[in-house]
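Here is a short note to read beside the model. Keep the structure open and follow the points in order.

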Amino acid sequence: EHGQDSREHMVWESHQDRELGACPRESLSFHSRFTTLTITREPWSKHGAKDGAVGTGQGCASTSSRPATAATALFEPSKDRQSPQVVVLVGAPGMGKTTMVRKVMAEWGEGTLHTQFDFVFCIDCKAIILPTEASVAGLVSQCCPGLRVPVGKILDDQKKILFIFDGFEALGFSLVQPEAELSSDPREVKPLELTLLSLLKKTVLPEASLLITTRPTALGSLRQCLKGEYYMEILGFSAARRKDYFHRYFENPSKADMAFRFARGNEILYSLCVIPVMSWAACTILEQELCGKKNLLECSKATTGMMMFYLSQLLKHRDRDNPQVLHHFLLQLCSLAAEGIWKHKVLFEEKEIKDCGLDQPGLLPFFLNERILREGEDHGIVYAFTHLHLQEFFAAMFYVLEDDGEMVSSFGRLEKDVNKLLESYNKSRKDLNVTVQFLFGLVSQKSIEYMDKSFGCRISPRAREELLEWLQGRHRGLSHPGQALKVSEMDTFHFLFEMNEKSFAQSALGHFTDLDLQDTKLTLYDQMALSFCIQHWAGLHCVTLQGCSFHWQDPEAELDASVPCSWGAVSLRVGVFPGVWWAGEQPGQVRCAEFSMLSCRLRWCQLCESCCTELAALLAEHPGLARLELADSSLGDSGVRLLCEGLRAPGCCLRVLW
């Protein structure tokens, strides 16, 4: 009985329509749209992840991980038959972490699953308006206002309580606090960071269960304050589930088939659709553009291109007679988005919307959803961008658009300084990764022309120069004096791939000679980014991949979202080495290309016999390669025989084999 109020609140919360693109279109029910995600249920790899960019699944659990099914598996007993008390759900941006949380809340609220809990309290770290000081009891009241049962009675039976922290990385405060400062009394009011840290470290309510969702970038700090936690990672949609999502999205089966065939025929678009938010973007674009037409404007392989195309469709029939109104609206929308990104804020009050001049019913519903809070909650009506990535996209636009002073006059609090944004990202604000990626996409020549033609928005050429200077200076600072200048951050390749300009990539990488990646699990998207950059990296002399493995999405078989190849033959063709056809050509068909790399070090990359045919072809086709290291591999005698065929080839000039 005591949990009924909480259940009703959670059912209401879980059915709130927060899906991108659901407004003004009539939204479908949450259950009818929900598509099963593939997750892993093994302890997190000791190497973890270095980056959480869109399109990456880095930091996946070990390759032996078995897939689990959606939210039903989160609190299942492990192999030792013990139910986990702390579950950390990890996923890159757009992978569906919040959707999984909503699924848990809906199932619990309806009494179909997770019935071991009498109370579930969700702390939305990205959206909740948190006080500077609070007690655990106060947070409970804020998460579920209007409870008719005393909070003290709820907290008495700790084992029956589940706390959910959704978007842990957005909290933004230090997790290093003196143990003596932590609280053991749920009624004790402390600074917010101490209260939350007390829950995480189990000094207060030690028998309560925790579900934490986070991007991979926050794992390092999170591990410091948890004990006995169980890690799971969202890998996105399997091949079968991608098709399922398209059919759930479209109400008409024939339209769903048409849209899916288009996406399936575009290898890059299809591979990106492993990420749920990309599946949404593709469906949204195709719904508006493909249906009823035989030809479709080619979808960009870049996230930025998808966002711009979607934006152009939304605004296609809006304010044609008064473009100044639309232009001013977009500028103020960018200001609001950037202000929110800096402050970890996704909910905006009605007064803020009016102060920015965004209270225009003909435009506002296309970008922000109105959320009416329940009775008893403060702040009345609030607004949120229809997806966090859309907010990040507009935040990036804030920094690169020429505005004639309009944004400054309306939102003078935020300094429009690209270098400040980049340095903040470099030092501590890794949550700005997607915004920075959009920056690179927006300053490409194609984007500059598209924005001008479609929206009348001019992108500053100075921003392009600042991004180039930052990339060059960033990696110079990471290289030690006297050593080769190397690039060792995967996000650099994501940024250059997002821009997708040969000349810019050449300028950005021209001063560097080495590529060095360690303990990285590379998805197909990562491999495409690496392949693009290496093909335009004339001065590359040495590639070092230590403890790396490649994953590949099979374009034919109905497989899980990620199939480990452990540097198999497919990975070698698709990934690192330049001069390879990987889009629309036969596998393994190598074209001649300039190849300046002198040394290739593949250490602890789990090389197997199937790699050796490709390695032999590499040796025969590229006489510039002088050194090859294959340390700690499992090539076998037959694999070495294949490798020797390449060594005997007239074109092989290898001097050192390790």
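Is Arg474 buried or exposed?

1. Arg474 is buried, at a relative accessible area of 6%. Buried means under 20% relative accessible area, exposed means over 50%, and partly exposed lies in between (1.4 Å probe, protein chains only). This is a predicted model: local features need pLDDT of at least 70, side-chain atom pairs count only at pLDDT 80 or more, and totals for chains, interfaces and linings use all residues. Residues are numbered from 1 along each chain as its sequence is written, and side-chain values use heavy atoms, with hydrogens and water left out.

2. Arg474 has a partner. Its side chain meets that of Asp491 in a salt bridge, 2.9 Å from N to O. The pair links distant parts of the chain, 17 residues apart: Arg474 sits in helix α20 and Asp491 in helix α21 (residues 490-499). Asp491 is buried, at 3%. A salt bridge here is a side-chain nitrogen of Lys or Arg within 4 Å of a carboxyl oxygen of Asp or Glu. Helices are DSSP runs (H or I, at least four residues), numbered from the N terminus.

3. Stay with helix α20 (residues 461-478). Glu466 forms a salt bridge with Arg462, with the closest N and O atoms 3.7 Å apart. They are 4 residues apart in the helix, so about one helical turn separates them. Glu466 is buried at 13%, whereas Arg462 is partly exposed at 38%. Arg462, Glu465, Glu466 and Glu469 are linked in a network of salt bridges.

4. Arg248 is partly exposed at 31%, and Asp244 is partly exposed at 21%. The count for the model comes to 20 salt bridges.

5. Now Ser312, in helix α12 (residues 303-314). Ser312 is buried, at 11%. Beyond its neighbours within four places in sequence, Ser312 is in contact (heavy atoms within 4.5 Å) with Tyr450 and Phe455.

6. Last, helix α3 (residues 97-109). How many of the 13 residues of α3 are buried? The number is 11, so α3 is mostly covered. Trp108 is one of the buried residues. Just after α3, Gly111 takes a positive phi of about 75°.

How values were computed. Helix = DSSP H or I, 4+ residues; strand = E, 2+ residues; numbered from the N terminus.
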